[in-house]
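This briefing is for a reader new to the structure shown below. Please look through the sequence and the model first, then read the points under each topic.

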Amino acid sequence: MTKAIHMKKYMTNLSIFNSIIPIARQFFSTSCAVAGLESEPEGVRKLFGSSIGVIQDKDLLKKAPNGELLVLYLIDNGAMDPDASLYNQLLKKCTEWKRLKEGKVVHEHFLRSRFSHYTVPNNTLINMYAKCERMGDARKVFDEMPERDMVSWTALITGFSQNEDAEEALVLFSEMLRFGFMPNQFTFGSVLKAAGALDSGGTGRQLHGACVKCGYEENVYVGSALVDMYARCGLMDEAKIVFDKLSCKNEVSWNGLIAGHARKGEGEIAVKLFSEMKRGGFQPTHFTFSSVCAACASIGALEPGKWVHVHMIKSGLELIAFIGNTLLDMYAKSGSIDDARKVFDRLVKKDVVSWNSMLTAYAQHGLGKETVECFEEMRRIGPEPNEVTFLCALTACSHAGLLDKGMHYFELMKKFKIEPNISHYVTIVDLLGRSGQLDRAEKFINEMPIKPTAAVWKALLGACRMHKNLELGVYAAERVFELDPHDSGPHILLSNMYASAGRRSDAARVRKMMNESGVKKEPACSWVELENAVHMFVANDDAHPQREEIRNMWEKITDKIKEIGYVPDTSHVLWFMDQQEREERLQYHSERLALAFALLNSPSGSPIRIKKNIRVCGDCHTAFKFVSKVVDREIILRDTNRFHHFRNGSCSCGDYW
């Protein structure tokens, strides 16, 4: 009779759990044992087979009918005996799936169990909270553990390191050593990452010494972390020494070295290392391609960037946002806005960084209309705009003279509850100033809710130069001198404004003030890339092997553009010399020499791409427009402010820059 009652009870339970067969099988197996049955009921055996299975990994986080975790429900109802390994499995699954809510439930249940003092599940708890970015909870578990081992310390140190609390990770490492624990390769990997994040070369060198003492220097895991640490601290010589000593290298060690050179803007070295990595038989990862593309972007190297892109396509890697955003940026900064858009359109999934990268590209190229269209498209179908999105839109409006649209977007930030930062205010001052609204720009500065910085006054100074408002320009320059006395740019601008107004004594006074203060003007230089080689020029350059051919070419070009209307604007040469000398001084600016070299050495009809480290002068800008018409070629000039696309006698900026 008793057996029949039990049978009826278990068959009722079967109807509850019939959707989760593996769990139900375990439930019935356990229940039969509790009931003292010699074998499973016949109905159960027919349903599940001759043997009852264990809980499968995929079923660990399934819910019971009352909403609880099924495994914990079975334990609480006596249908399953808990053990420490089961709690550990549950916590690992919560970590894997980032299920913090369920993880907390398992944690509470674990604390009520007789295994709460076990070290291994507690270590898993630390790791779970760390992976879910809850370092306060991770630290609490660690502090309440009755006994800790090396894994406990390493899990907590790794958590702080990965959650951008490098200082706490290093403090914990010191505490661990005081308690007599010897670090392992994973501990060293995490603290080296922390030292790199803090850009602390001194701490990194001390950790390097500890690695040597513990015999881990040539361990590929620790060695790769050492390379990355030194690279993040900008100590590339040390990074290379460690890298060369590694008897066994891997993709991580190569990536660390390549990324370090990319961060320093050493694109040529990064591309060379990438080539060596490929020859060594190592398979580049998304991180590798992202670093190399960033390196090419930093120097505007289009051809090497295309070569890297080809290798990425051959590797079969999916164009995910992580690498796609960097690739897009590389094409944009190399002057190929059309290729940048193609990458954007082919992205598997566009995140907010993808949209911002495309907006930035359009803004840098002075394509105000396209920027606005892209911004509106993002508002319709993309992620919600953030502060960077609005900065891109405002910058584009400033470069394109879209005053009303720019002010509208500035007000729109309130709707998205985005508080403007100083960069947004600088852009609005630039927008108003470029549009000739100088009084309104000054009023805007005076009414700003935050204190104006040197950048704000520089924007106003630049607008005053453009619109020849000397009085307000002097006032803005004085504010800049107070806030940033070592920047040469404002001094040069003010000196030029004085000279253009015929006040040469005031111009000389500003130059004298620069000399007395030790303020140095950055030398202007331009460079052009041809056949994977970069050729650099300075004004009046006589060091290039083709110097005679270059000068002869420019003289011929000058004669041709004068025939169709070019007249040198000698106001851009503010020296005490006669008119002829001033014209000659103009003719050998660095960008003109770079252009003449490119005309001599590049295929007819191909685009010419030139970079310059400072703002292009007004007369060179005019000359380039005429040259583009004479030679019937597109000339793309990238200066510190933006890109200028010269085609058929006009520039993409519409002479508004």
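What percentages of helix and strand does the chain have over residues 386-420, and how many Å apart are the end C-alpha atoms? The chain there is 77% helix and 0% strand, with 11 Å between the end C-alpha atoms. The model is a predicted one. Its secondary structure comes to 34 helices and six strands.

**Overall make-up**

- The protein has 657 residues, and buried residues make up 50% of them.
- Among contacts in the protein with a separation of 6 or more, 62% are between residues 24 or more positions apart.

**Helix 26 and its surroundings**

- Helix 26 covers residues 438-446, and its Leu 438, Ala 441, Phe 444 and Ile 445 are buried.
- Viewed down the helix axis, the buried residues of helix 26 fall within an arc of 115°, so they line one face of the helix.
- Asp 439 and Asn 446, on the other side of helix 26, are exposed.
- The cover over the buried residues of helix 26 includes helix 24 (403-415), helix 25 (422-434), helix 27 (454-466) and helix 28 (470-483).

**The second largest pocket**

- The second largest pocket holds about 500 Å³ of space.
- Its lining consists of 24 residues, and those nearest the centre of the pocket are Gly 189, Ser 190, Lys 193, Tyr 221 and Ala 225.
- At least two lining residues of the second largest pocket come from each of helix 9 (150-162), helix 11 (185-197), helix 13 (220-232) and helix 15 (251-263).
- Sorted by class, the lining of this pocket has 12 polar, nine nonpolar and three charged residues.

**Ser 161**

- Ser 161 lies in helix 9, one of the helices that supply residues to the lining of the second largest pocket.
- Ser 161 counts as buried because its relative accessibility is 5%, and buried means under 20%.
- Apart from neighbours within four places in sequence, Ser 161 is in contact with Ala 169, Ser 190, Lys 193 and Ala 194.
- Ser 190 and Lys 193, both among those contacts of Ser 161, are also among the residues that lie nearest the centre of the second largest pocket.

**Cavities**

- Across the whole structure, a search finds three cavities of 30 Å³ or more.
- The largest cavity has about 40 Å³ of space.
- Phe 537, Asp 541, His 544, Arg 547, Ile 550, Arg 551 and Leu 593 form the lining of the largest cavity.
- Helix 31 (residues 547-563) gives the largest share of that lining, three residues.
- By class, the lining of the largest cavity has three charged, three nonpolar and one polar residue.

**Leu 637 in strand 4**

- Leu 637 belongs to strand 4, which spans residues 635-638.
- With a relative accessibility of 0%, Leu 637 counts as buried.
- Leu 637 and Leu 595 are 42 residues apart along the chain, and their C-alpha atoms are separated by 9.6 Å.
- Beyond neighbours within four places in sequence, the contacts of Leu 637 are with Ile 610, Lys 612, Val 616, Phe 624, Arg 642, Phe 643, His 644 and Phe 646.

**Residues with positive phi**

- Most residues other than glycine have a negative phi.
- Glu 133, which is not a glycine, has a positive phi of about 60°.
- The loop that holds Glu 133 runs between helix 7 (119-131) and helix 8 (135-144).
- Glu 133 is exposed, at a relative accessible area of 62%.
- Asn 648 also has a positive phi, near 50°, in a residue other than glycine.
- Asn 648 is in the loop between strand 5 (643-647) and strand 6 (650-651).
- At a relative accessibility of 61%, Asn 648 counts as exposed.

Methods: Residues are numbered from 1 along each chain as its sequence is written. This is a predicted model: local features need pLDDT of at least 70, side-chain atom pairs count only at pLDDT 80 or more; totals for chains, interfaces and linings use all residues. Side-chain values use heavy atoms; hydrogens and water are left out. Buried means under 20% relative accessible area, exposed over 50%, partly exposed in between (1.4 Å probe, protein chains only). Helices (H or I, at least four residues) and strands (E, at least two) are DSSP runs, numbered from the N terminus. The arc is that of the directions from the helix axis to the C-beta atoms. Contact means heavy atoms within 4.5 Å. On a 1 Å grid over the protein atoms alone, a cavity is a set of points where a 1.4 Å probe fits but cannot get out, and a pocket is an open set with protein on both sides within 12 Å along at least five of seven lines; lining residues have an atom within 4 Å of a point. Grid points are joined across faces, edges and corners, and a volume is the space filled by probe spheres set on the points. Ala, Val, Leu, Ile, Met, Phe, Trp, Tyr, Cys and Pro count as nonpolar, Asp, Glu, Lys and Arg as charged, and the others, Gly among them, as polar.
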